[in-house]
Amino acid sequence: MNKIIERIYKDRDLTLDELKAVFAFSEEEREKLFAKARQVGTENFGKNIYLRGLIEISSFCKNDCFYCGIRKSNSKAERYRLEEDVILECCKTGRKLGFMTFVLQGGEDEYYTDDVIERIIMNIKKECPDCAVTLSLGERSKESYQRLFEAGADRYLLRHETADNNHYRRLHPPFMSLENRKQCLYNLKEIGYQTGCGIMVGSPFQTVECIYEDIKFMKNLQPHMIGIGPFITHKDTPFKDFKSGSVDDTLVLLSVLRLIFPKVLLPATTALGTMDPMGREKGILAGANVLMPNLSPVRVRKKYSLYDNKICMGEEAAECSACLRGRIERIGYKVTDCRGDYGVVYE
């Protein structure tokens, strides 16, 4: 086996020079890396793939991140908010399809106060008491996170985007801060959430040094989930003329993360599937073990446009679920109808 792969596997660590070498691997070396990541994934999860039903509740956002299609300054963005009863219906539909985790994701929309989100969480838990509720609603105060946790939220996803402060400033407006983003993640872990962070691979101005800082930050945070996908441009953002990220580099980083964090929940993202028709399957074969199909009403999916050409815009939830299950079985894995909690292995 390649010595660098063996070292990452044994020590759950790597140097900056080793990371640079990994990104420069030949196709043959990459296949060895993917095979080792699959081995580690199978040792910890078997051939199980966990589903999270994604419900995109709002395309309003108070932030102005330069890469994002729903940024505040994008006057061409179509804005919507899902009514509380619609969100609940999405969950009930998902539960009938076998989903046991629902991810409420949206821009940082000030309409969704603690009162509103608390009520939504409690209603979901009342209708689907055996299911997990994941929130992905951006930066909030520690008091807010605490209140929503006590209402029944189980998990929180908050991509840090980059752990390098200079890089962060090139991706975000001045009123946003990496320090606050990191503090939010530490607060979430302290409260007791199963916590997820993550980055875009190939985002503008990103270097291998930036990614190395991300890995160091993740090792310190010890998240329960890491969401990475290739950066994809959006035509109505300041980064519209930048090159999108690389599928190959994303797959390499997925495998590296699987070796460093053997038990972490690692999605094969929609962005991977957008960049490559077989992207999600390739992600699983590189060590990923989570998929997040869309349960949002079809009528709003195109309005939640974080990047261009997003897939699965017209598929009903049942159609999307059946399609994914079939595709996963064809590569030798199986969808497991369970909550997929961190640290719990399901037969």
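Predicted model: local features only at pLDDT ≥ 70, side-chain atom pairs only at ≥ 80, totals over all residues.
Residues are numbered from 1 along each chain as its sequence is written, and side-chain values use heavy atoms, with hydrogens and water left out.

His234 is located in the loop between strand 7 (225-230) and helix 10 (247-260); helices (H or I, at least four residues) and strands (E, at least two) are DSSP runs numbered from the N terminus. With a relative accessibility of 3%, His234 is buried, a class defined by a relative accessible area under 20%, as against over 50% for exposed and in between for partly exposed (1.4 Å probe, protein chains only). The side chain of His234 forms a polar contact of 3.0 Å with that of Ser305. A polar contact is a pair of N or O atoms within 3.5 Å; within protein, one must be able to donate a hydrogen and the other to accept it, and residues adjacent in sequence count only if both atoms are side-chain atoms. A polar side-chain atom of His234 also lies 3.0 Å from the backbone nitrogen of Asp236. When residues up to four places away in sequence are not counted, His234 is in contact (heavy atoms within 4.5 Å) with Tyr67, Gly69, Asn74, Lys240, Ser305, Leu306, Tyr307 and Asp308.

The structure contains 10 aromatic pairs. Rings of Phe, Tyr and Trp (its six-membered ring) pair if their centres lie within 6.5 Å, and planes under 30 degrees apart count as stacked, over 60 as edge-to-face and the rest as tilted. Tyr111 and Tyr112 form an edge-to-face pair, because their ring centres are 5.0 Å apart and their planes stand at 90 degrees. Tyr111 is partly exposed at 45% relative accessible area, while Tyr112 is buried at 4%. Tyr186 and Phe217 are likewise paired edge-to-face, with 6.0 Å between centres and 80 degrees between planes. Tyr186 belongs to helix 8 (residues 178-191) and Phe217 to helix 9 (residues 208-221), so this pair ties together parts 31 residues apart in sequence. Tyr186 is partly exposed, at 29%, and Phe217 is buried, at 5%. Ring pairs also link Phe66, Phe205, Phe239 and Phe242 into a cluster.

Two lysines are placed over tyrosine rings, as judged by NZ of Lys or CZ of Arg within 6 Å of the ring centre and within 35 degrees of the ring normal. The charged end of Lys36 lies 3.8 Å from the ring centre of Tyr9, and that of Lys47 lies 4.4 Å from the ring centre of Tyr333.
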